[in-house]
Amino acid sequence: MKLTGAEIFVESLKREGVKTVFGLPGGVVLKIFDVLYQDKDLDFVLVRHEQAAVHMAEAYARATGKVGVALVTSGPGATNTVTGLVNAHMDSCPIVLFTGQVVSSLIGNDAFQEADIVGISRSVTKHNYLVKDVSELATTIKEAFYLAGTGRPGPVLVDIPKDVTMASMEFAYPDKVYIRGYNPTYEGNKWQIKQAAEAMARAERPVLYVGGGVINSDASEELYGLAELLNIPVTMTLMGLGAFPGTHPLSLGMLGMHGSHATNMAVHHCDLLIAVGARFDDRVTGKISEFVPKAKIIHIDVDPTSIRKNIHVDIPIVGDAKPVLRDLLAQATAIVGGKKREGKTPWLQQIAAWQSERPLAYKPDPKVIKPQFVIDMIYRRTHGEAIITSDVGQHQMWTAQFYKFAKPRTWLNSGGLGTMGYGFPAALGAQRAFPGQLVVCVTGDGSFQMNLQELATAMVYDLPVKVAILNNGYHGMVRQWQQLFYQGHYSASRLEGGPDYVKLAEAYGAVGLRATEPHEVEEVLDEAFASKKLVLMDFQVDPYENCYPMVPAGGAINQMVYEDPPTDATRPAPAAQDAQKESISLA
């Protein structure tokens, strides 16, 4: 049966099991949209900005474990997606982005709305394609989905010229693909796994260091079994939160720049660090020359180029986290004779002492809303069962610190790139994937303003996301760094002229709520979570609250700062703060 390129495109997506596509139309992809108009099997979500479409597709992928899909037009439509592509690339998220292109004969002629998106995106995608003939289209789509979802997941871009969508040919969708030179290794080397199991059984001060790779490979069950068998404490990267239950006695929470005192001390003093699906990011290692100075390192990763990229590794294991942890658990079980190592070992006692010495905490204030208090109340009200998204900055770190993620795929944030504006569209993507699930976006007033136009998308598609804006009137993390390292020179970090978020919500037909006093926080959360509609919650928090502990840039992870300097002259006196808070509330 002959089909046009546009019909082949739609039929191919169906063969890949795609249910939802996020995007925005334009001239060169109208043939595809004409087919979509007549075919109701694909759920298309029309966004207000292409960047948001990619964030939604990425969040959809991370929440479901499937490949996310976005479709945009050429030129500015395509270039608007670049931030989303980089974000997905840095966080190893499987998406396929389809971009329209001008007709083949005009490529390279500076045609209207032409952009070389293949060239532009080459360094920020796992792979990209320009489809030159309709005969290549089905095979290219098959390859794109295969590449995005296998090995180390990532974004794949497919650029489709207008004439390819108009041309016709006999449709045949391949059952499988072969890509020369692309053969991901899933099973780990048996000898290296045995070496690793023996090292773990012998270690006196081991720590499991877990990243997003464990979540990508659905390996939480194997991780849980291994940690419990050998009684090994587990710390997680920002991307790995939820891979191991945050309430488990062996959970150390997040490590690194804003990790807790006990977590960073445990990592610094361990004698064996077992890294699984993590990449030794600089926000984790701090000063590399002083990172885990007394430890041997095991590194498990499906991407061989990640091993020994940033740090020396003693036992490298290339493979997918799930089968490698499965084999490691079997080896370790045999070594210990199937008997769990239980009880408070001297190592766990030392960690408990560090936790008592400097617990992760904040100082409540009866008059001023502390942002950590809002996070704590969100956790208590949701019982850890919600999908939480965040933007980037202080609120992101406080969420990572104070929300105890119990399950994988319930924490969606921009880890590698640090993209402000990610959280709200990500929440919409997750809500579209799970319509009945409570989805909460924790954001800052700066971050939210970067993609607030998607309020319209949320209302049109009835996506009842709850948005908690920690409104401090600043780019908070920038202000914190300026206070601590730039003598309080608050250059361009103050946010003035922000909207009234309650009125903004009402303008779109959503619900707007505000809390200015601590006692109002719980009432606002209860009303929001009981609502069936999109809700914006404006929490006017302490504008000068800082996120601690903090490892200063370039420092070792055991060299943490725990509170504001005692002689700090940059923080306004309480009266001045009140005045500033008042001005923010009126902004």
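1. α9 crosses α14 in a right-handed sense. This is a predicted model. The axes of α9 (residues 190-202) and α14 come within 9 Å and cross at roughly 55°. The two helices are therefore oblique to each other.

2. On the α9 side, this contact uses K190, I193, K194, A196, A197, E198, M200 and A201. α14 contributes V324, D327, L328, Q331, A332 and I335. By class, the α9 contact with α14 has 9 nonpolar, 4 charged and 1 polar residues.

3. α14 (residues 321-335) also packs with α11 (residues 220-230). Here the angle is about 25°, and the axes lie 9 Å apart. That angle makes α11 roughly parallel to α14, since the cut-off for this term is under 35 degrees. The crossing of α11 past α14 is left-handed.

4. From α11, the contact residues are E222, L223, G225, L226, L229 and L230. From α14, they are K322, L325, R326, L328, L329, A332 and T333. The contact of α11 with α14 divides into 8 nonpolar, 3 charged and 2 polar residues.

5. α3 (residues 50-64) is a separate point. This helix has 15 residues and reaches 21 Å from first to last C-alpha, close to the 21 Å expected at 1.5 Å a residue. Of those 15 residues, 14 are buried, so α3 is largely enclosed by the rest of the structure. Just after α3, G65 takes a positive phi of about 85°.

Terms used:
Residues are numbered from 1 along each chain as its sequence is written. This is a predicted model: local features need pLDDT of at least 70, side-chain atom pairs count only at pLDDT 80 or more; totals for chains, interfaces and linings use all residues. Side-chain values use heavy atoms; hydrogens and water are left out. Axes are lines fitted to C-alpha atoms, for helices over the stretch in contact, and angles run from 0 to 180 degrees between N-to-C directions. Helices (H or I, at least four residues) and strands (E, at least two) are DSSP runs, numbered from the N terminus. Angles under 35 degrees count as roughly parallel, over 145 as roughly antiparallel, 65 to 115 as roughly perpendicular and the rest as oblique. A crossing is left-handed if the near helix is turned anticlockwise from the far one by less than a right angle, and right-handed if clockwise. Contact means heavy atoms within 4.5 Å. Ala, Val, Leu, Ile, Met, Phe, Trp, Tyr, Cys and Pro count as nonpolar, Asp, Glu, Lys and Arg as charged, and the others, Gly among them, as polar. The expected span of a helix is 1.5 Å times one less than its number of residues. Buried means under 20% relative accessible area, exposed over 50%, partly exposed in between (1.4 Å probe, protein chains only).
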